[in-house]
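Here is a friendly note to read alongside the model. Please keep the 3D view open and find each residue as you reach it.

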There are 2 protein chains.
Amino acid sequence: MKIEKLTDTISLLRSVEQPDPDYLMTVREVIADVRQNGDEALLRYTEKWDGAKLESLKVSKEEVDEAYAKFDKQLIGDLEEAAANIRAFHTEQARSQIDFPLAKNSYIQYKISPLDAAGLYVPGGTAAYPSSVLMNAIPAIVAGVERVVIVSPPNMEGNLPDSVLVAARIAGITEIYKVGGAQAIAALAYGTETIKAVDKITGPGNSFVALAKREVFGRVAIDMIAGPSEIAIIADDTAYADELAADLLAQAEHDRFASSILITTSISLAEQVSKEVEKQLKLLPREDIARSSIENFGCIYIAESMEQAVAAVNELAPEHLEIITEKPEELSQKIKHAGAIFIGRFSSEPVGDYFAGTNHVLPTNSTARFSSGLCVDDFVKKTSVVFYSKEMWEEQYPKIARLARLEQLEGHARSVESRSWKKEDSE
Amino acid sequence: MKIEKLTDTISLLRSVEQPDPDYLMTVREVIADVRQNGDEALLRYTEKWDGAKLESLKVSKEEVDEAYAKFDKQLIGDLEEAAANIRAFHTEQARSQIDFPLAKNSYIQYKISPLDAAGLYVPGGTAAYPSSVLMNAIPAIVAGVERVVIVSPPNMEGNLPDSVLVAARIAGITEIYKVGGAQAIAALAYGTETIKAVDKITGPGNSFVALAKREVFGRVAIDMIAGPSEIAIIADDTAYADELAADLLAQAEHDRFASSILITTSISLAEQVSKEVEKQLKLLPREDIARSSIENFGCIYIAESMEQAVAAVNELAPEHLEIITEKPEELSQKIKHAGAIFIGRFSSEPVGDYFAGTNHVLPTNSTARFSSGLCVDDFVKKTSVVFYSKEMWEEQYPKIARLARLEQLEGHARSVESRSWKKEDSE
């Protein structure tokens, strides 16, 4: 793994790419097709792209029960404990209505209410990610969303992975459809005969899915467009090279575009970690992917000081940040921009990916500067309420009318003044 | 104003339009030009499109002071009182960090921190909207955003309206630039020599501005893409026709695409309102705009029952909803989707536009189903923090490793297991 001197501009800083125009055309065609042809289009695309000729889009209760019955009991216990941890922390995020009394028996209010329906995209492909099911579903359920739906592309036999069905059952989701790609996003946004439209779509996916989400944004809400996963680690010479190497590789194994960065003040640590990465790489099942990621998007930076390291991290705004130094908590106070921060050597990043209770859907591509991981807030909306009494209105309407006229909105002024035209009052 | 029987599908339901491809091309060219040529491009576009040859993009302190000194003192008082009301209510929205203790001296946390910088677009054109300055700036300032910037297109003399400068000063903003259109959005997203990039862009604008915001979304955060303004009113025969007509016209005067809908159970009220609208239209300075809006996007619906009226409103998810009935608070409990709700005849919509303290930047085009008005949350981000003690790690890591292996992420499993390779421990 390469070692560089940290300079003021981090060379690996990445940002969001513009979509490929060819992909975009395909995605638009798929969306239009699903809007027009509904279920027929979904079944056709599923046969064409997933190789599965389905009888029914919907996963039956029997399929879920069967998957659960044959699933490893210890793993069910692990998933249930993870779900309980996630539920507990997300329940703390739930907010209550703000009641704000004004003078003269008037008030304003801020009502917090759940969305009616949310759709969760679960990617298919080689591996299944039950942890993503929990991380996306639980915030919606804690928020009080009544209808939470999963869509996921089936394998060629027309099935979804057992682990996804088991995680869905643990999360409490019963409405699951065998459909993926841009066609699944179109179905969630516009509805078909079988799949009713939702209000918000979350969850990661390939380029087609990401583009489709961008296309339907506005019609429905979407979560962020996720980029490749990233980790930055700040470490000093109290850290162990083998542990840091393992953490860098845990990120790198995700995909070829994943980025793993270590920033340290210790040259000897940097050298040890570089060697350890090579040693551990050879033993990793996904060596190929991880090696490509480390070579193209990995770097060990030597910082002159911890201040310089912190400044670099704040510029990078990484998705994940580990701080493995003598006083990690102190240092963490200086971090302004990161999706999630892991403090000390016993809190390696997979602790948050799977188990601690925080969400693992986090902002990538430096968007931690201005955005947050998935949370209960993402599944509620806020409605303001205004009540002015007659007495309050009498006192305030001349000011409101003057402000309206300042903006040349005479109709607005007349609206508040119109109440004064009455002789009698209903109150 | 036309009267129709309310049926199950409201004919005026609107949704987000796809952008015009010609506009999009222009916007992309402008953005690329500003990225490449910086200030020079901004000055060139301002001369070309706003007809102003500027010496400096930045508004000087003298310009602001001069505008303030000559401004009507009563109006300054009104704006200051409005600002104080907005500040008070938005301060209630601010949240504090969540500290969540776990077993064995471990914890997880949710840190809430302000964005570093926010840019507020203030439209130019015939009228100036100081209220929009307050509504966009105050939530950012209450959130703790250190740098809040205004951009707005100058008139041909190279000036911004006094009322905008006065509102900016009242809100506490000192960094103001004379630049509008897609070029202003590009400058805020990418930065130029004079204008440093921000993290989030809010505020309404014309089609070019809306398209440019959509284009830079991801590079920076944006608020919603605002559509034309809308009001729905639910009224029974306790309401006064002249007041309802005035409220419908207050919305209609905004622009030709604004939508004003009254839903009532009273046929006689419907007929009176229709006549009143015509009568008041003739006396309105913006008669032309309001008439076009009422004719194309206005309607009075006769509902069979209040239940039917409520169901229609929930389908419509209007930006603004007035409830002027015998028991408006009771009815408001049944409303699931609306940007803001105004209760009773003394709380007409301009009360919220200007003065009560709630925000007037609200979701349009039925997006109140899943989104909220501008608020303090829009200017903060949340960072999760995980700390596992050695003892906690020892207890939990086997579960985490098993879950990682279930997802075929061996590197993740080894990351948490790597800690066990140590003989000695630093703690």
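1. First, the ground rules. This is a predicted model, in which local features need pLDDT of at least 70 and side-chain atom pairs count only at pLDDT 80 or more, while totals for chains, interfaces and linings use all residues. Residues are numbered from 1 along each chain as its sequence is written, chains are lettered from A and ligands numbered from 1 in the order in which they are written, and side-chain values use heavy atoms, with hydrogens and water left out.

2. Let us start with charge. Side chains of opposite charge can pair when their charged atoms come close. A salt bridge here is a side-chain nitrogen of Lys or Arg within 4 Å of a carboxyl oxygen of Asp or Glu.

3. Look at A:Glu215 and A:Arg28, whose side chains form a salt bridge with an N to O distance of 2.9 Å. A:Glu215 belongs to helix H8 (residues 207–216) of chain A and A:Arg28 to helix H1 (residues 21–37) of chain A, so this pair ties together parts 187 residues apart in sequence. Helices (H or I, at least four residues) and strands (E, at least two) are DSSP runs, numbered from the N terminus. A:Glu215 is buried at 16% relative accessibility, whereas A:Arg28 is partly exposed at 42%. For these words, buried means under 20% relative accessible area, exposed over 50%, and partly exposed in between (1.4 Å probe, protein chains only).

4. Next comes A:Asp378, which forms a salt bridge with A:Lys200, their closest N and O atoms being 3.8 Å apart. A:Asp378 sits in the loop between helix H14 (349–354) and strand S14 (380–387) of chain A, and A:Lys200 in strand S7 (residues 200–202) of chain A, so parts 178 residues apart in sequence are tied together. Is A:Lys200 buried or exposed? A:Lys200 is buried, with a relative accessible area of 7%, while A:Asp378 is partly exposed at 24%.

5. Both chains take part in one network of salt bridges, which links A:Asp116, A:Asp199, B:Lys336 and B:Arg369.

6. Now the cysteines. A disulfide is a covalent bond between the sulfur atoms of two cysteines; the cut-off used is a pair of cysteine sulfur atoms within 2.5 Å. The structure has zero disulfides over all chains. A:Cys375 is buried at 1% relative accessibility, and B:Cys375 is buried at 2%.

7. Finally, trace the open sheet of nine strands, in the order S1(A)-S11(A)-S10(A)-S9(A)-S12(A)-S13(A)-S14(B)-S3(B)-S2(B), with mixed pairing. Two strands pair if DSSP finds at least two bridges between them. Strand S1 (3–5) of chain A and strand S2 (98–101) of chain B stand at the edges with a single partner strand each, so one side of each has no neighbour in the sheet. Within chain B, strand S3 (residues 107–114) and strand S14 (residues 380–387) pair in the antiparallel sense over eight bridges. As an example to find, B:Lys111 has B:Thr383 in S14(B) as its bridge partner.
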